[in-house]
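Take a look at the structure below.

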2 protein chains.
Amino acid sequence: MAGRNLVGPAADALDLGAVFRALADEHRRSVMMELAADRSDSERGCNSFDLPISKQTQTHHFRVLREAGLIDEIDYGNRKGIRLRRADIEKRFPGLLTLLGAESPGGTAPR
Amino acid sequence: MAGRNLVGPAADALDLGAVFRALADEHRRSVMMELAADRSDSERGCNSFDLPISKQTQTHHFRVLREAGLIDEIDYGNRKGIRLRRADIEKRFPGLLTLLGAESPGGTAPR
DNA sequence: CTTCAAGTACGACTTGCATCGTACCTGAAG
DNA sequence: CTTCAGGTACGATGCAAGTCGTACTTGAAG
């Protein structure tokens, strides 16, 4: 089977609140950082991120990212593909993906 | 009295996770949008935002914004001033404030 | 002094969310 | 067919967060 694309919001319908809520979680942010760092935007297996959480929780996180419009999920039945919606994100929120690369400069916030 | 500045994290210590968590809330995001839209960055009274929530909850939200490093709070005792940390934010997360203006779909985005 | 408005501190309540256990589905390989 | 690994569905649980009520503090104005 060709694998059908699980639906997310249209590019123009991306909600900033949903995006920020999605990126508020550390695990989801690490996934997005990896995706943003790969400029080829190739499809990745969803267990290629080495997340230290159970697979049910991973399913949940990918679902949140998809519903926020940040990734596409391609369902193959017994496996799943993940692809960054770079063009849509850049169109709607230019600079957001670049921001993800500005993670921790080394300083841990006191207090 | 001069009013002392309540402390937040240093510019280099701004944490992207804390920032996204802060901006995930609709009320805090509306405050930040108003602040970002005013290019003069003048100090504002913290009840000038017309938030539909109690003052205790407002105190909570401004505290979250301050601890995320997004605003300064100036304590005058029986009133409080709010000021956007625009320079620090732009230095650490360039483009973030511009993103807040992209809220409405349909092209508020400059370019 | 007293009064008053703005803000905070503390606690309680409620909702949302991240997490996982169990059971089930799907497709590929024997 | 059966087996197996990857993924999902549903529910339960624990914790973080948003909200507000009560009481207190602060500084200004009478």
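The charged end of which residue sits over the ring of A:Tyr76? It is A:Arg79, 4.3 Å from the ring centre. A charge sits over a ring if NZ of Lys or CZ of Arg is within 6 Å of the ring centre and within 35 degrees of the ring normal. In chain B, B:Arg79 lies over the face of B:Tyr76, at 4.2 Å from the ring centre.

A word on the model. It is predicted: local features need pLDDT of at least 70, side-chain atom pairs count only at pLDDT 80 or more, and totals for chains, interfaces and linings use all residues. Residues are numbered from 1 along each chain as its sequence is written, chains are lettered from A and ligands numbered from 1 in the order in which they are written, and side-chain values use heavy atoms, with hydrogens and water left out.

Now turn to DNA strand C. It has 21 residues around it; a residue is near a strand if one of its heavy atoms lies within 4 Å of it. A:Arg28, A:Gln56, A:His61, B:Cys46 and B:Thr59 come nearest. Helices (H or I, at least four residues) and strands (E, at least two) are DSSP runs, numbered from the N terminus. Helix α3(A) gives the largest share of this surface, four residues. The surface divides into three nonpolar, 12 polar and six charged residues. Here Ala, Val, Leu, Ile, Met, Phe, Trp, Tyr, Cys and Pro count as nonpolar, Asp, Glu, Lys and Arg as charged, and the others, Gly among them, as polar.

The side chain of A:His61 has an N or O atom 2.4 Å from a phosphate oxygen of DNA strand C. For the side chain of B:Lys80, the distance to a phosphate oxygen is 2.8 Å. B:Asn78 uses a backbone N or O atom, 3.1 Å from a sugar or linking oxygen.

DNA strand D comes next. It is surrounded by 20 residues, and the closest are A:Thr59, B:Arg28, B:Gln56, B:His60 and B:His61. Sugar and phosphate account for 58% of its atoms within 4 Å of the protein. Here α3(B) gives the most to the surface, with four residues. The side chain of B:His60 places an N or O atom 2.7 Å from a phosphate oxygen of DNA strand D.

Last, the aromatic rings. A pair of aromatic rings is described by the distance of the centres and the angle of the planes. Rings of Phe, Tyr and Trp (its six-membered ring) pair if their centres lie within 6.5 Å; planes under 30 degrees apart count as stacked, over 60 as edge-to-face and the rest as tilted. The count over all chains is three aromatic pairs. A:Phe20 and B:Phe20 have ring centres 5.5 Å apart and planes at 35°, so this pair is tilted. A:Phe20 lies in helix α1 of chain A and B:Phe20 in helix α1 of chain B, so the pair joins two chains. A:Phe20 is buried, with a relative accessible area of 0%. Buried means under 20% relative accessible area, exposed over 50%, and partly exposed in between (1.4 Å probe, protein chains only).

How values were computed: Polar contact = N/O pair within 3.5 Å; in protein donor to acceptor, adjacent residues only side chain to side chain.
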